[in-house]
Amino acid sequence: MQDENNGKGARHHRREILIGGALIGATLASAGSAQAQAIGTMPTPGSEVAPPPKGAGAIKPARGSMLQDKVAVVTGAARGIGRAIAVEFAANGADVVVLDIVGPVSPASNAKPAEPADLAETAKRVRSYGRRCNEIHADIRDIGALRQAADQIERDFGKIDIVVADAAIQRWMPLLEMQDSDWRDVIDNNLNGTANTVRAFAPKMVARKYGRFILLSSMQGKHGTKNASSYSASKWGIMGLMKSAALELGEYNVTVNALIPGLVDTELTRYQARYKNAIAETGNKPPENPSPQQAWDSRAPTVPLQVGWLEPEDISPAAVFLASDAAAMVTGAEYEVTGGDSAKDV
Ligand SMILES: NC(=O)c1ccc[n+]([C@@H]2O[C@H](COP(=O)([O-])OP(=O)(O)OC[C@H]3O[C@@H](n4cnc5c(N)ncnc54)[C@H](O)[C@@H]3O)[C@@H](O)[C@H]2O)c1
C-alpha cells in the first residue's frame, strides 16, 4: 500500500515536471524561440501561456471514426482503394475532394485507364452521405496542377485537414526485359507523384498547424518483388518519404503515415499476369491462364485469415482511423491491413 502511494506520488510529480516543461516550451515558442534560445534563460514569472492542446484527448465513443466536418482530399479516387477511402470518409462525416487523372497514365501501367465516369461515380457515392464533393481531373506528376488544386480547395472549403496520396500504377516486367519507361514512369508516377502531393498540400496544413497525410505504400514496399522491381522500389521510396515528412512536419502538428494494404481486388491487380504471379508467389506452378478462383484457392491457405485477397472496403476503415483526431499521436508509422500476410515479414 505504502509503495503504491509512493508510486502515485512519483507519477504525479513527474506529470508536474512534464507540464512545467511544456509550459516553458510553449513560452519559448510564443515569445520568439530564436531570441529565447539565444539568451538561454527561463521565462519571466507570469509569462507562461498554456500549450496548444495536443494528444488524442479523452476516451469517447467512436472517436477513432469521427471525421465530422473535416475536409479531405483523396488522389486516385476514381476507383479501387481510393474510392473506398473517399466514400468511407464521407460516411464518417467528411467533405471530400476526389482527384484523379481519369485517363491513361503510361504504357508502363498494367491496368486499364480510369475514366471520368468512374470519378463521377465516386463523387455520387460521397454525396449520397450528404457530404460536399468536388471532382478534380489532375495528374499527380504535375505539381503546378496540385498547387492550383490546393488553392482552389482552400477557397471552396476553407481548409484542408486530410490528404490521402493513393494514386499509383503497377508494372510487372522482369529487370532483364524492361524498357526505360518500365522503370522511369513507375518511379515518376508513384514516388515523385506522391512527393508532389505532399509538397503541394503540406503548406496549407502547416499554416493551420493541423493535418493528416496518409500515403499508400504496399507490402511490396517492405520486401522485394520478383518481376515488379520498379513498383516495389517506388513503394519503398514512399516509406522513406513518409518517415522523412513525419520528422519535418511533426512540429506543425501534421502527421504522416503509410497505409499498407495486402493484395486487394482492384483494376490494379485484376488481370491474368497478376493471377499468375499470385500463384507463383505461393510456390505453386501457375497454369497458363489461371482463373480468379484458381488464384484465390492457391493464395488463401497461405494467408493467416485464409483469404485470397482483400476488398477495398477492408482497407478504408484504417484510413479513417489515421485521419481521425484519435490518431493524433500516430506519425511516421506503417499501418498494415493484409489479412495477416504481414505477419511473415519483419
Ligand atoms: N490493389 C492492391 O492489391 C494494392 C496493394 C497494395 C497497395 N496498393 C496501393 O493502393 C493504391 C490504390 O491502388 P488500387 O489497387 O486502388 O489501384 P487502381 O488502379 O484501381 O486505382 C488507382 C487510381 O489512381 C489513378 N492514378 C494513377 N496515376 C495517376 C496520376 N498520375 N494522377 C492522378 N491519378 C492517377 C488511376 O487513374 C486510378 O483511378 C495504390 O497506391 C497502390 O499502389 C494496392
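Is Asn284 buried or exposed, or does Asn284 count as partly exposed? Before the answer, two remarks on the source. The model is predicted, so local features need pLDDT of at least 70 and side-chain atom pairs count only at pLDDT 80 or more, while totals for chains, interfaces and linings use all residues. Residues are numbered from 1 along each chain as its sequence is written.

Asn284 counts as partly exposed, because 15 C-beta neighbours lie inside 10 Å. Asn284 sits in the loop between α8 (272-281) and α9 (292-299); helices are DSSP runs of H or I, at least four residues, numbered from the N terminus. Beyond its neighbours within four places in sequence, Asn284 is in contact with Ile279 and Ser298, contact meaning C-beta atoms, placed from the backbone, within 7 Å.

I turn now to α3. Of its 12 residues, 11 are buried, so α3 is largely enclosed by the rest of the structure. Among the buried residues are Arg83 and Glu88. Just after α3, Gly93 takes a positive phi of about 105°.

Finally, the ligand. α3 (80-91) and α6 (180-208) each supply at least two residues of the shell around the ligand, and α3 gives the most, with 3 residues.

Note on methods. A residue is buried if 20 or more other C-beta atoms lie within 10 Å of its own, exposed if 12 or fewer, and partly exposed in between; C-beta atoms are placed from the backbone. Two residues are in contact if their C-beta atoms, placed from the backbone, lie within 7 Å.
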